[in-house]
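Please keep the sequence and the structure in view while reading.

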Amino acid sequence: MSPVTGNTMPNMSLVSMVCSRCDEGFEPQEKIVNSNGQLWHTQCFVCAQCFRTFQDGIFYEFEGRKYCERDFHVLFAPCCNKCNDFVIGRVIKAMASSWHAHCFRCELCNKELADSGFMRHQNKALCHDCNANIKAVGLGKYMCHKCHGIIDDGPLRFRGEVYHGYHFNCTSCGVELDSTAREVKSRPGFAANDMNELYCLKCHDRMGIPICGACRRPIEERVVTALGKHWHVEHFVCAKCEKPFLGHRHYEKRGLAYCETHYHQLFGNLCFVCNQVIAGDVFTALNKAWCVHHFSCSVCDNKLDQKSKFYEYDEKPVCKKCYEKFPNELRKRLRIAHENTIKKPI
């Protein structure tokens, strides 16, 4: 409801005219108020609620009655569901509430919804783009950043967003692209707004840019070459713990790379006594690995070396002196072990 201004005017010919409020006539030289063709005494032209005169002659009219600004807000103006202020002028009615046009926004991206429309999702107002994105995520798919449609096939990733491949063409040959397209940083001499370019797989391969063996994306900066492939530094990781090597030593086994700890843990080079990675020479015996200084008789704890003669008892080494102290019946069941060897670290 817009405010209206009442005008005062001098008496002309008011013999037959009366005040719209008190029904009394007007004095010959009395000032009167003319509002939309109705005449009022100045003292009668007041708010229908508080009976005070209108400040600066401004009033609000509703169902034939006039109100000052304060009382009109209290009685009739809706309250914005977001800022809790009165809504004067355009009122947005949505989600069972009233809003200022600038207060009615998408719950996710904060975009104004008054003119673009909205979708209701879990009692929240969302713009069409955010609603489509949530729908795509619920289906386990992506939403195209350009057309906002669901991507049924593999997405094309470009400048940090995902798209339908058919929205783009190869920078080199012009063929329509798909999810196999490669994004390449602009080469020296290109305009700043052409930071990234898209190429079909065939044109990209001709450029000689290595492809990461993990993510299958081009490697623009530092390249790690191992296991017969190229890798982004952060993608060349231990096959067991998946931590990047970041320049540290790796161990290869059956086409996979392992950090030192998990390589020895998986393939036997943890010391049977201290359960630590054997950093130096590895003593192997009884199908186990030992630190050289930890390989000793399990009975007397005397150190054994590569030339020592020992026996196996309870899958542990026993020196000859201790073996000879065993009962005859037990000694018959023990076998001599000669397979002890020392090998250098890998």
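In the hairpin formed by strands S17 and S18 of this predicted model, two residues lie between the strands, and leucine 227 adopts a positive phi near 55°. Strand S17 covers residues 223-226 and strand S18 covers residues 229-232; the two pair in the antiparallel sense over four bridges. Within this pairing, threonine 225 stands opposite histidine 230 of S18.

The C-alpha atom of arginine 216 is separated from that of histidine 230 by 9.7 Å, the two residues being 14 apart along the chain. Arginine 216 belongs to the loop between helix H3 (201-206) and S17. Apart from neighbours within four places in sequence, arginine 216 is in contact with Arg182 and Ile211. Arginine 216 counts as partly exposed because its relative accessibility is 45%, between the limits of 20% and 50%.

The view may now be widened to the whole protein. Its secondary structure comprises six helices and 26 strands. Of its 346 residues, 36% count as buried. The accessible surface comes to about 21900 Å², and carbon and sulfur atoms account for 48% of it. Among contacts between residues at least 6 apart in sequence, 26% join residues at least 24 apart.

Charged side chains provide a further theme. Side chains of opposite charge can pair when their charged atoms come close. How many salt bridges does the protein have? The count comes to four.

One of these salt bridges joins aspartate 115 to arginine 90, with the closest N and O atoms 2.9 Å apart. Aspartate 115 lies in the loop between strands S8 and S9, and arginine 90 in the loop between helix H1 and strand S7, so the pair ties together parts that are 25 residues apart in sequence. Aspartate 115 is exposed, at 68% relative accessibility, whereas arginine 90 is partly exposed, at 49%.

Another salt bridge links glutamate 315 and lysine 288, at 3.8 Å from N to O. Because glutamate 315 is in the loop between strands S23 and S24 while lysine 288 is in strand S22, this pair ties together parts that are 27 residues apart in sequence. Lysine 288 is buried, with a relative accessible area of 17%.

Glutamate 112 and arginine 105 also form a salt bridge, their closest N and O atoms being 3.2 Å apart. Glutamate 112 is partly exposed at 38% relative accessibility, and arginine 105 is partly exposed at 25%.

Conventions:
Residues are numbered from 1 along each chain as its sequence is written. This is a predicted model: local features need pLDDT of at least 70, side-chain atom pairs count only at pLDDT 80 or more; totals for chains, interfaces and linings use all residues. Side-chain values use heavy atoms; hydrogens and water are left out. Two strands pair if DSSP finds at least two bridges between them. Buried means under 20% relative accessible area, exposed over 50%, partly exposed in between (1.4 Å probe, protein chains only). Contact means heavy atoms within 4.5 Å. Accessible areas come from the Shrake-Rupley method with a 1.4 Å probe; for residues, only the protein chains shown count as cover. A salt bridge is a side-chain nitrogen of Lys or Arg within 4 Å of a carboxyl oxygen of Asp or Glu.
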